[in-house]
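Good morning, and thank you for making time for this item.

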Amino acid sequence: MGHGKEAKTRPDPKVEIQEKGEIFFFYRPKVDKDEAHSPDDVQRMYIVLRPESTGGRGVEEKQASDSGKEGRKRHQQGDAAGQEGSEQKGAEGGHGKEEVNIEEQPLLRLVVMGKKSLPDPAKHSRPYWGYVELVTTKVEDIKDALKEEEYSTATRGKRHRPAARALGEGVYRILKHESSGGRRRSPQSHTHLVYKLELPTRGAGEPQEAMNVEPEASFLVQVKNPDPPSGGGRDDGGFRGLQNKRRAAFPAHLQGAFGSRRYAPADPPDLLNYEGCELLLIAASDDVEEELGLQLEGEVDVEDGEGETQQAAASCSDLVKMFGEVADVKPLLSGSWD
């Protein structure tokens, strides 16, 4: 559907768009469950971000393609001898750097949410922890991560991992926002992830509501320092985080964004282009326009969710085109559980 468009509804020079693109939401039922009918049946929640060219900036910096899971997949396409060495490398976070022209090939990030839902954007709750599971320029890599799979374990024998279900599709922005800081305080910069759904356009929206995927929302985004200073601490939403070897190893210029801080805004968004990047989502608002003076619009008008409008949205869905053959799209198109 494309990255949509935005319109400022009030003058606010303190809001800067750093990235725009498409956002896709998925969930996966628990192992050996054929269907999910409530959050109790859900194993994982995923967010896929696909950034697109912004303001003539068509080149993004990402991890080296021979690092992390991305590197392991490349090695697995080689001979058997290469596969053995790639397993250990695949357990490590992303490192190195290379440039990718996102006008010529897609850049895709697969984010795993630890609590299997988003924070409720209408409430002030504890931060929700997540991490970047996969960064790739190949749609097939994301399809492999979402598809169903049969595997064997030593204790339980053959197991079935069901295919992911598509939960929502829309447009997103990563914004740099400078707040006033209040009396006697210097201005503070932070980053927001804001989105607006284009699909689903009808149905009760039961899975979306249960997993806090609202029609639109705004979250503060904080990236965790993979090499934090000693002492102090901060709550990671009830999770201890990734093992050291699985954390991202940022290049010096990105690591420098943290300084002596344990957390920093997602500024620049290139920080999210490294597997093992840990992040916190903090609920900000379920009304982007009221909060930030920015109105997001998708490529398809979905104000009326019936009939031809629904069919038009589904027919031009990039999620369905890219992942429809491996992910169940019923929750996306009907707004209902399996």
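Predicted model: local features only at pLDDT ≥ 70, side-chain atom pairs only at ≥ 80, totals over all residues.

The protein chain has nine helices and 15 strands. Of the 338 residues in the protein chain, 50% count as buried. The accessible surface comes to about 15,500 Å², and carbon and sulfur atoms account for 43% of that surface. As for the contacts in the chain between residues at least 6 apart in sequence, 76% join residues at least 24 apart.

A brief word on the cysteines. A search of the whole structure finds zero disulfides. Cys-277 has a relative accessibility of 1%, which is under the 20% limit, so Cys-277 counts as buried. Cys-316, by contrast, has a relative accessible area of 23%; this lies between 20% and 50%, and Cys-316 is therefore partly exposed.

Let me turn to the second largest pocket. How much space lies in the second largest pocket? The figure is about 340 Å³. This pocket is lined by 15 residues, and those closest to its centre are Lys-69, Glu-133, Asp-144, Ala-145 and Arg-161. Two or more lining residues come from each of β3 (42-52), α1 (68-76), β7 (128-136) and α3 (139-146). The element that gives the most is α1, with four residues. By class, the lining of the second largest pocket divides into five nonpolar, two polar and eight charged residues.

Within α3, the buried residues are Asp-141, Ile-142, Lys-143 and Leu-146. Against which elements do the buried residues of α3 pack? Their partners are β2 (15-29), β3, α1, β6 (108-113), β7 and α8 (318-323).

The structure holds two cavities of 30 Å³ or more. The largest cavity contains about 100 Å³ of space. Its lining consists of Ile-47, Leu-49, Val-111, Ile-174, Leu-193, Val-221, Leu-272, Leu-279 and Leu-281. In terms of class, that makes nine nonpolar residues, with no polar and no charged ones. Both β3 and β14 supply at least two residues to this lining.

In the second largest cavity there is about 30 Å³ of space. Which residues line the second largest cavity? They are Gln-18, Glu-19, Glu-52, Thr-54, Arg-57 and Glu-60. By class, the lining of the second largest cavity has two polar and four charged residues, and no nonpolar ones.

Is Asp-270 buried or exposed? Its relative accessibility is 9%, and because the limit for a buried residue is 20%, Asp-270 counts as buried. With neighbours within four places in sequence left aside, Asp-270 is in contact with Arg-57, Glu-60, Glu-61 and Leu-254. Of these contacts, Arg-57 and Glu-60 also belong to the lining of the second largest cavity.

That concludes the presentation, and I am glad to take questions.

Conventions
Residues numbered from 1 in each chain as written. Heavy atoms only, no water. 1 Å grid on protein atoms, 1.4 Å probe; cavity = no way out; pocket = protein on both sides within 12 Å on 5 of 7 lines; lining within 4 Å. Points joined across faces, edges and corners; volume = space filled by probe spheres on them. Nonpolar A, V, L, I, M, F, W, Y, C, P; charged D, E, K, R; others polar. Buried < 20%, exposed > 50% of the residue type's maximum accessible area, 1.4 Å probe, protein only. Contact = heavy atoms within 4.5 Å. Areas by Shrake-Rupley, 256 points an atom, 1.4 Å probe, with all protein chains shown as cover. Disulfide = S-S within 2.5 Å.
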